Amino acid sequence: MDVLINVFVALHIIGIAALLGGFLTQMKAMGEGTARFTPGMLHGALTMLVTGVALVGLNQADGQPVNNLKVGVKLVVLVVVLALVYVKRDEEAVDKRVFGVVGGLTLVNVLIATLWT
Ligand code: HEM
């Protein structure tokens, strides 16, 4: 079970790499108002959701404690991010404030995941 959980943590981290990488590589474009939500960002956000839910189930099945409040907050923040990216995925130039909110909330989730112990 440990190996399976670690595989899902790895996929979880690949998901955040796709989502956050899409944001960080377009920060200059964001300033110019020409950034867009790439397919990689959408798929990264979806990967976070699927692997996160799977990690909750796998940890519970394995008798490992899960911090439900922490995971719940990460889930709510991610749902907002996913909704924004999904709704605006076809826009060729996303408003810089919307793009910034997605990047900011994603960073918030990274900080929640790493600093909330
Ligand atoms: C962008 C959003 C997210 C980020 C940046 C993120 C980040 C991380 C990171 C870095 C880890 C590994 C470190 C650790 O074990 O504490 C992790 C583990 C985990 N994540 Fe996420 N996560 C996100 C969303 C979610 C969501 C939506 C869920 C559940 C629905 C979730 C559930 C979990 C679980 C259960 C673990 C392993 C158990 C734990 O240690 O808390 N994550 N996450």
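Colleague: How many aromatic pairs are there, and by what rule are they counted?

Modeller: A pair of aromatic rings is described by the distance of the centres and the angle of the planes. The rings of Phe, Tyr and Trp (its six-membered ring) pair if their centres lie within 6.5 Å, and planes under 30 degrees apart count as stacked, over 60 as edge-to-face and the rest as tilted. By this rule there are two aromatic pairs here. In one of them, the centres of the Phe37 and Phe99 rings are 5.2 Å apart and the planes meet at 20°, so this pair is stacked. It joins distant parts of the chain, since Phe37 sits in the loop between helix H2 (27-32) and helix H3 (39-61), while Phe99 belongs to helix H5 (residues 96-115), 62 residues apart. Ring pairs also link Phe23, Phe37 and Phe99 into a cluster.

Colleague: Before we go on, what kind of model is this, and how are its residues and atoms treated?

Modeller: The model is predicted: local features need pLDDT of at least 70, and side-chain atom pairs count only at pLDDT 80 or more, whereas totals for chains, interfaces and linings use all residues. Residues are numbered from 1 along each chain as its sequence is written, and side-chain values use heavy atoms, with hydrogens and water left out.

Colleague: Are Phe37 and Phe99 buried or exposed?

Modeller: Buried means under 20% relative accessible area, exposed means over 50%, and partly exposed is in between (1.4 Å probe, protein chains only). Phe37 is buried, with a relative accessible area of 1%, and Phe99 is buried as well, at 0%. Of the 117 residues in the protein, buried ones make up 32%.

Colleague: How many helices and strands does the protein have?

Modeller: Helices (H or I, at least four residues) and strands (E, at least two) are DSSP runs, numbered from the N terminus. The protein has five helices and zero strands, so that, with the numbering taken from the N terminus, the elements read α-α-α-α-α.

Colleague: Which residues does His12 contact, leaving aside its neighbours within four places in sequence?

Modeller: Contact means heavy atoms within 4.5 Å. His12, in helix H1 (residues 2-24), is in contact with Met48, Thr51, Gly52, Leu55 and Lys74. At 15% relative accessibility, His12 counts as buried. Val81, which lies in helix H4 (residues 68-87), is buried too, at 1%; not counting residues up to four places away in sequence, Val81 touches Leu19, Val102, Leu105 and Thr106. Across the protein, 80% of the contacts between residues at least 6 apart in sequence join residues at least 24 apart.

Colleague: What do distances between C-alpha atoms show for Val81 and for Gly57?

Modeller: Val81 and Gly63 are 18 residues apart along the chain, and their C-alpha atoms are separated by 30 Å. Gly57, in helix H3, is 52 residues from Ile5 along the chain, with their C-alpha atoms separated by 9.8 Å. Gly57 is partly exposed, at 35% relative accessibility.

Colleague: What is the radius of gyration of the protein?

Modeller: The radius of gyration is taken over C-alpha atoms, and the globule rule is 2.2 Å times the number of residues to the power 0.38. For 117 residues a compact globule would have a value near 13 Å, and the protein, with 15 Å, agrees with this. Along its principal axes, the C-alpha trace spans about 50 × 20 × 20 Å.
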